[in-house]
Amino acid sequence: MHNKSKDKIRVLTLAALFTAMTTVATLLIQIPTPTKGYVNLGDSIVNIAAWLLGPVYGAAAAGIGSALADIISGYVVYAPATLVIKAGMAVASFYVLRAANRSKGTLLARIAAASAAEVVMVVGYALFEAVLYHSFSAAMLGVPANAVQGALGAAVSVAVYELVIKRVPRFDKK
């Protein structure tokens, strides 16, 4: 099999794995919020998927995995917005990491990337809930809980990457 074919199979397999991990991490712990959403650990996998898979496959894994968790949890109305928001988070996280890596150390770059992704999440859900509830004021009730989820997701993703993933030996693509 050609190296290009092997690389494609490898990245598709990893994307599927990260899709499943995102779903499980989102379902694992769900703390309900006032706006009928929930705080979860899925954002940590969203960031890691972006950093390891890039903007396209990372966004697909993040969006699909998170939307599946919404569907499984009974939050079907949120699933389309979640698909777009979580994919947007992964794209933002990837590009901020890439830009920040040039001027900052790896740790600071990951913190900046994860923070940018979480801003996308907080703003995205605020806008979605403003439309859903026909009220900007009602949507603002979810911002504090989403900010807590964002802080948790950013901290866990950076910690897991720095303490675990960064230390996993890489194998050649041979």
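The axes of H2 and H3 cross at roughly 165° and come within 7 Å. These values belong to a predicted model.

**Exercise 1.** Classify the packing of H2 and H3 by direction, and state which hand the crossing has.

*Solution.* 
- Step 1. Take the angle, roughly 165°.
- Step 2. Apply the cut-off: angles over 145 degrees count as roughly antiparallel. H2 and H3 are therefore roughly antiparallel to each other.
- Step 3. H2 passes H3 in a right-handed crossing.
- Step 4. Sort the contact residues by class. The contact of H2 with H3 has 18 nonpolar, seven polar and three charged residues.

**Exercise 2.** Describe how H3 and H4 pack, giving angle, axis distance, direction and hand.

*Solution.* 
- Step 1. The axes of H3 and H4 cross at roughly 155° and come within 8 Å.
- Step 2. That angle makes H3 roughly antiparallel to H4.
- Step 3. H3 and H4 form a right-handed crossing.
- Step 4. The contact of H3 with H4 divides into 17 nonpolar, six polar and three charged residues.

**Exercise 3.** Work out how H4 and H6 are arranged, then list the residues through which they meet.

*Solution.* 
- Step 1. Locate the helices. H4 covers residues 106-133, and H6 covers residues 143-163.
- Step 2. Their axes are 9 Å apart, at an angle of about 155°. That makes H4 roughly antiparallel to H6.
- Step 3. H4 passes H6 in a right-handed crossing.
- Step 4. List the H4 side: Thr106, Leu107, Arg110, Ile111, Ala114, Glu118, Met121, Val122, Tyr125 and Ala126. On the H6 side are Val143, Asn146, Ala147, Gln149, Gly150, Gly153, Ala154, Ser157, Val158, Tyr161 and Glu162.
- Step 5. By class, the contact of H4 with H6 has 12 nonpolar, six polar and three charged residues.

**Exercise 4.** Find the cavities of 30 Å³ or more in the whole structure, and give the volume of the largest cavity.

*Solution.* 
- Step 1. A search of the whole structure finds one cavity of 30 Å³ or more.
- Step 2. The largest cavity holds about 220 Å³ of space.
- Step 3. Its lining has 20 residues, and the closest to its centre are Tyr38, Asn40, Asp70, Tyr125 and Gln149.

**Exercise 5.** Which helices each supply at least two residues of the lining of the largest cavity, and which gives the most?

*Solution.* 
- Step 1. H2 (42-73), H3 (79-103), H4 and H6 each supply at least two residues of the lining.
- Step 2. H2 gives the most, with four residues.
- Step 3. By class, the lining of the largest cavity has five nonpolar, 11 polar and four charged residues.
- Step 4. Look back at Exercise 3. Tyr125 in H4 and Gln149 in H6 belong to the contact of these helices. Tyr125 and Gln149 are also among the lining residues closest to the centre of the largest cavity.

Notes:
Residues are numbered from 1 along each chain as its sequence is written. This is a predicted model: local features need pLDDT of at least 70, side-chain atom pairs count only at pLDDT 80 or more; totals for chains, interfaces and linings use all residues. Side-chain values use heavy atoms; hydrogens and water are left out. Axes are lines fitted to C-alpha atoms, for helices over the stretch in contact, and angles run from 0 to 180 degrees between N-to-C directions. Angles under 35 degrees count as roughly parallel, over 145 as roughly antiparallel, 65 to 115 as roughly perpendicular and the rest as oblique. A crossing is left-handed if the near helix is turned anticlockwise from the far one by less than a right angle, and right-handed if clockwise. Contact means heavy atoms within 4.5 Å. Ala, Val, Leu, Ile, Met, Phe, Trp, Tyr, Cys and Pro count as nonpolar, Asp, Glu, Lys and Arg as charged, and the others, Gly among them, as polar. On a 1 Å grid over the protein atoms alone, a cavity is a set of points where a 1.4 Å probe fits but cannot get out, and a pocket is an open set with protein on both sides within 12 Å along at least five of seven lines; lining residues have an atom within 4 Å of a point. Grid points are joined across faces, edges and corners, and a volume is the space filled by probe spheres set on the points.
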